[in-house]
Amino acid sequence: MRTLQFLVGTGATAAAVALAAGPAFAAGISVSTTGSTVSVVTSTCTTQVSGSYGTASLLTSSQTSFGQGRQVALSGTTVSQSAAWTSVSVGTYTVMVRCADGRNAGSQTIIVSAASSPTASSTTAPTRGVLGGLGGGIEDYGTVTLAAGGALTGLGVLAAGWFLRRRRRPYRL
């Protein structure tokens with residue numbers, strides 16, 4: 001009975017915390033920054049009107065309305081829509097998303113910091129697969145190779161049997 005009361009009390013507390021968290025969780029948008037690029041993703045704007053899912057606006061701290069910010073059309077599918085701004089200078093910004101049917105998908109504040117210098121990395125894809133231990137799944141071996149492998153496996157089984165058989169006999173001096 002005490003476990004049930006604990007679980008019910010914990011569930012009510014979790015619901016209260018989720019409601020008190022405010023628009024960040026209920027907003028329906030996710031904003032991220034990479035260097036000087038700010039991007040927003042939402043799944044709220046599922047209805048297309050005149051070929052558009054809606055508009056996202058990037059507002060500086062001195063701007064107060066949706067129309068004052070840098071606006072970008074949302075692109076994507078009925079499952080996920082996104083927008084991005086490049087060459088955003090360092091500062092604090094508010095991202096607002098308005099769906100094409102007039103609904104507000106949400107808003108979120110983000111801080112753009114100085115970009116670190118990029119490091120060189122190789123982005124070429126492997127040409128032979130990942131070699132995940134498939135045992136010949138990548139390359140087709142010929143009959144001679146398969147016969148030699150089978151002979152070595154058989155020889156190993158015979159040697160193990162002979163060794164175990166000798167160990168069963170008591171040592172006589």
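The side chain of S57 comes to 2.8 Å from the backbone oxygen of F66. This is a predicted model, so please take the distance as computed from it. S57 sits in strand β3, which covers residues 54-60. Is S57 buried or exposed? Its relative accessible area is 0%, so it counts as buried, the cut-off being under 20%. What does S57 touch, leaving aside residues up to four places away in sequence? The list is F66, G69, R70, Q71, W85, T94, V95 and M96.

Next, the disulfide. The structure has one, formed by C45 and C99, with the sulfur atoms 2.0 Å apart. The angle about the S-S bond is -75°, and the link is left-handed. C45 is in the loop between β2 (37-42) and β3, while C99 is in strand β7 (residues 91-99), so the pair ties together parts that are 54 residues apart in sequence. Both cysteines are buried: C45 has a relative accessible area of 0%, and C99 has 5%.

Now the whole protein. It has three helices and eight strands, in the order α-α-β-β-β-β-β-β-β-β-α along the sequence. Of the 173 residues, 16% are buried. Among contacts with a separation of 6 or more, 54% are between residues 24 or more positions apart.

Conventions
Residues numbered from 1 in each chain as written. Predicted model: local features only at pLDDT ≥ 70, side-chain atom pairs only at ≥ 80, totals over all residues. Heavy atoms only, no water. Helix = DSSP H or I, 4+ residues; strand = E, 2+ residues; numbered from the N terminus. Buried < 20%, exposed > 50% of the residue type's maximum accessible area, 1.4 Å probe, protein only. Polar contact = N/O pair within 3.5 Å; in protein donor to acceptor, adjacent residues only side chain to side chain. Contact = heavy atoms within 4.5 Å. Disulfide = S-S within 2.5 Å.
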